2 protein chains.
Amino acid sequence: MAGDKPKKRRTPIWQAIATSLRGDIAEGRYQSGDRLPTEAELSGRFDVNRHTVRHALSALSDEGLVRTRRGSGTFVAATPTDYPIGQRVRFHENLLAAGRHPEKRLLQTVTRSATPREARALAIATGDHICACLGLSLADGRPIAFFESMFPETRLPGIGQALQQTLGVTQALDLVGVADYTRVSTRLTAVLADATQALHLQISEGDPLLRSTGVNADSQGNPVEYGRTWFAGDRVTLTLDG
Amino acid sequence: MAGDKPKKRRTPIWQAIATSLRGDIAEGRYQSGDRLPTEAELSGRFDVNRHTVRHALSALSDEGLVRTRRGSGTFVAATPTDYPIGQRVRFHENLLAAGRHPEKRLLQTVTRSATPREARALAIATGDHICACLGLSLADGRPIAFFESMFPETRLPGIGQALQQTLGVTQALDLVGVADYTRVSTRLTAVLADATQALHLQISEGDPLLRSTGVNADSQGNPVEYGRTWFAGDRVTLTLDG
DNA sequence: CAATATTTGTTCGTATGTATG
DNA sequence: GCATACATACGAACAAATATT
């Protein structure tokens, strides 16, 4: 039709609305799982046609930020948990800093002999006793990772009891005399979930997992933990700080 | 039938066979990708039943040392390529240092407008032109990663031609005046391969991929590249140096 | 393309030695 | 001694995927 009547708008209205909603979600005004206002309400609030609101919502949906269900509404998608990894990996601190509620469940703790691979990683002799524990990490009640952690019992006497008494690796290691520890190596790859992992993580067999293999060492460089963690691919994003 | 008095055997035959084959592989007698002798040949060579050979091969397969293909044979598994990631990611240098032959194939290069997400990542205005290219990274002729790389053409005039002339990102950026660049953010998660990715990576749809999303910036901190890379989960292990 | 041979995968069955209670 | 369970080892036949002619 005719040319521009209003002032030359550099950004389309729908993008402005999308940006606004994106901000609301980012600031936590609408949280994961919350229902956004109806398209009618939004078109009233922004004083635009409902089509324009739909365009904005469509963009957010493309970004994976929201999901719409016909007849039900538009919902904020479950945001993947950002999980920083680096030289210091502290599960509870990481998630608390992100404003989430961390939780850890120990499923099993056994003391057994180290396999050759485990012995090499921990720099102990094959057959030396290690304390191995399986567990689950949750954020806001949702399982996000399944882990297997091995501690050299010969180097850290009493680590077994310490792990069962306390809730976190950091505290347990502190109890047996390791005041500080840092990550000396991390290896990452992608695998498919087997039946056991799927069960614990409440996902389906064959879903993608991000597997992290790492060694933590004390300040003298002695390995104090060799662990493998399987992160649910759609619930976690590992972030590396440049 | 059984006239023989079997001597007291401490280690099972199948374990001895597994150890023997493991040694052959370790000494390079069978190299990565080579086909082992058929089960029939092995059962003849070791003078045992095929089941016994299969038991040994099964153990090696569990260790990830070999992989069997029905109707085809048993092959020495290709060792996953170690791929260090950190503030400096240089594909060619990384692989050359590991004694492998790196290769890069550009599949497509187009210039188009940036989506909001891309614009945000590159710190440009939505709609600014970017040069987007799809490609494939190979090690020793095997595809290991599929990538999508976006460059801000407004900030780096001529990047499109530079990319098509040269073989690597580093050289192309050098041509348009970016002498050095570092990674300012990296995000990792696991996903399943779709049909396109599976085709290019020569894997199956639904195989696990490790997706890396990252931004590279020049020494002043201006983003010069926004890229996503999908690594074949069973061919690559990302390593982080502590 | 089709027929054939090769090779691994699966499922029966049989037999022996060893550890356990 | 006996019953049971488990790991090991051999034999035969067939199914299914692949390679070759």
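Q: How many residues surround DNA strand D, and which are the closest?
A: In this predicted model, DNA strand D is surrounded by 12 residues, and the closest are B:Pro12, B:Ile13, B:Val48, B:Thr52 and B:Gly71.

Q: And which elements give two or more residues to that surface?
A: Two or more residues each come from α1 (13–26) and α3 (50–62) of chain B.

Q: What is the make-up there: nonpolar, polar, charged?
A: The surface near DNA strand D has five polar, four nonpolar and three charged residues.

Q: Changing topic: how many residues does each chain put into the contact between A and B?
A: Chain B contributes 27 residues and chain A contributes 27 residues.

Q: On the side of chain B, which element gives the largest share?
A: That is β7(B), with 11 residues. Elements supplying at least two residues to this side are α5 (116–122), β7 (181–192), β8 (208–218) and β10 (236–241) of chain B.

Q: What classes of residue are on that side?
A: The side of chain B that touches chain A holds 13 nonpolar, 11 polar and three charged residues.

Q: Which strand of chain A pairs with β10(B), and is the sense parallel or antiparallel?
A: Strand β7 of chain A, residues 181–192, pairs with β10(B) in the antiparallel sense, over four bridges. Within this pairing, A:Leu188 has B:Leu238 as its bridge partner in β10(B).

Q: Finally, what is the secondary structure of chain A, and what percentage of it is buried?
A: Chain A has eight helices and 10 strands, and 33% of its 242 residues are buried.

Technical notes: Residues are numbered from 1 along each chain as its sequence is written. Chains are lettered from A and ligands numbered from 1 in the order in which they are written. This is a predicted model: local features need pLDDT of at least 70, side-chain atom pairs count only at pLDDT 80 or more; totals for chains, interfaces and linings use all residues. A residue is buried if 20 or more other C-beta atoms lie within 10 Å of its own, exposed if 12 or fewer, and partly exposed in between; C-beta atoms are placed from the backbone. A residue is near a molecule or strand if its C-beta atom, placed from the backbone, lies within 6 Å of it. Ala, Val, Leu, Ile, Met, Phe, Trp, Tyr, Cys and Pro count as nonpolar, Asp, Glu, Lys and Arg as charged, and the others, Gly among them, as polar. Two residues are in contact if their C-beta atoms, placed from the backbone, lie within 7 Å. Two strands pair if DSSP finds at least two bridges between them.
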